[in-house]
Amino acid sequence: PCGGGGVVPKLAQGAHEEAIDPVVEEALQNAGVNAADLSAIAVTVGPGLSLCLRVGITKARQLSAEHRIPFIPIHHMEAHTLVARLAALYPPPQSSEGAGEGQGG
């Protein structure tokens, strides 16, 4: 017995499988695009929990094939740095509704 908790790989995989489609749909909706509008699909391929990574890779390959767009495998840590750079270039839009809520204000 582990005793200290931690990630159970098969349970994590199941959670990823349940979440992948709704999360992708929400991301596309929040970006105001359809999958057909994308010019490429990038996905982290490791390092990480292989069962969970496989869920994302499978979805990315499916979208890539379906829309005939490039599939770009990317290292997990490189993805972190690229997201930080993208966030600096394209900050999220600010909403006047609820400004300051959840930020101690």
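I started with Arg-68, which counts as exposed at 79% relative accessibility; exposed means over 50% relative accessible area and buried under 20%, with partly exposed in between (1.4 Å probe, protein chains only). This is a predicted model, where local features need pLDDT of at least 70 and side-chain atom pairs count only at pLDDT 80 or more, while totals for chains, interfaces and linings use all residues. Residues are numbered from 1 along each chain as its sequence is written, and side-chain values use heavy atoms, with hydrogens and water left out.

Arg-68 sits in the loop between H2 and S2; helices (H or I, at least four residues) and strands (E, at least two) are DSSP runs numbered from the N terminus. I noted a positive phi of about 55° for Arg-68, although it is not a glycine.

Next I checked Pro-47, in the loop between S1 and H2. A cis peptide bond joins Pro-47 to Gly-46, with omega about -5°.

I then looked at Lys-59 in helix H2. Lys-59 is buried, at 12% relative accessible area. Leaving aside residues up to four places away in sequence, Lys-59 touches Ile-20, Asp-21 and Val-24 (contact: heavy atoms within 4.5 Å).

I counted 28 lining residues, with Ala-27, Ile-41, Ala-42, Val-43 and Val-83 nearest the centre. Helix H1 gives the largest share of the lining, eight residues.

Methods: 1 Å grid on protein atoms, 1.4 Å probe; cavity = no way out; pocket = protein on both sides within 12 Å on 5 of 7 lines; lining within 4 Å.
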